[in-house]
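Open your viewer and get ready to select pieces of the chain one after another. At each stop you will hear what to pick and what to look for.

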Amino acid sequence: MAQPDDMFGDDDYPAYTMGRAAEITGASQDFLRRLDEAKLITPFRSAGGHRRYSRYQLRLAARAREMVDQGTALEAACRIIILEDQLEEALQQNQNHQHQRQTDAA
């Protein structure tokens, strides 16, 4: 099991309750539920069944709220964010692959 100090720096650790997540993102709890329904974020469930959110998920929720506030439909905002996230991951993998090739060539 991870030590408490390790969890403070873990963007994927589900540290935030729904109420706190809503407060941090400036969104309603209903909005967070809708993001779950739209498959943008899937919160961890505690033993009691309560939703718990990570910092990474809160960043996605805040971005979605921002886009919806600017007039983008929720479903479209979620799809855009998912595609942006996939692109960022692919670019990072490509950069790592190129770095590994350069290291292997040296």
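The tour below goes from the sheet to the helices and ends at a salt bridge.

**Before you start.** This is a predicted model, where local features need pLDDT of at least 70 and side-chain atom pairs count only at pLDDT 80 or more, while totals for chains, interfaces and linings use all residues. Residues are numbered from 1 along each chain as its sequence is written, and side-chain values use heavy atoms, with hydrogens and water left out.

Stop 1: Select residues 16-17, which are strand 1, and residues 44-45, which are strand 2. Strands here are DSSP runs of E with at least two residues, helices are runs of H or I with at least four residues, and both are numbered from the N terminus. The three strands make an open, antiparallel sheet in the order 1-3-2. Strands 1 and 2 are the edges, each pairing on one side only. To see one of them, show R45 and its bridge partner in strand 3, R51.

**Stop 2: helix 4.** Now select residues 55-69, helix 4. It lies across strand 1 and strand 3, running at about 90° to strand 3. Angles run from 0 to 180 degrees between N-to-C directions, with axes fitted to C-alpha atoms, for helices over the stretch in contact.

**Stop 3: helix 2 on helix 4.** Under 35 degrees counts as roughly parallel, over 145 as roughly antiparallel, 65 to 115 as roughly perpendicular, and the rest as oblique. Show A21, I24 and T25 of helix 2 with L58, A61, A62 and R65 of helix 4, which make the contact. Contact means heavy atoms within 4.5 Å.

**Stop 4: helix 3.** Turn to helix 2 and helix 3, which pack at about 100° with axes 9 Å apart. These two helices are therefore roughly perpendicular to each other as well. Show M18, G19, A21, A22 and T25 from helix 2, together with Q29, L32 and R33 from helix 3, to see where they meet.

**Stop 5: a salt bridge.** Side chains of opposite charge can pair when their charged atoms come close. Select R59 and D11, whose side chains meet in a salt bridge at 2.7 Å, N to O. The term means a side-chain nitrogen of Lys or Arg within 4 Å of a carboxyl oxygen of Asp or Glu. R59 is in helix 4 and D11 is in the loop between helix 1 (4-8) and strand 1, so look for partners 48 residues apart. The whole structure has seven salt bridges.

Terms used. Pairing = 2+ DSSP bridges.
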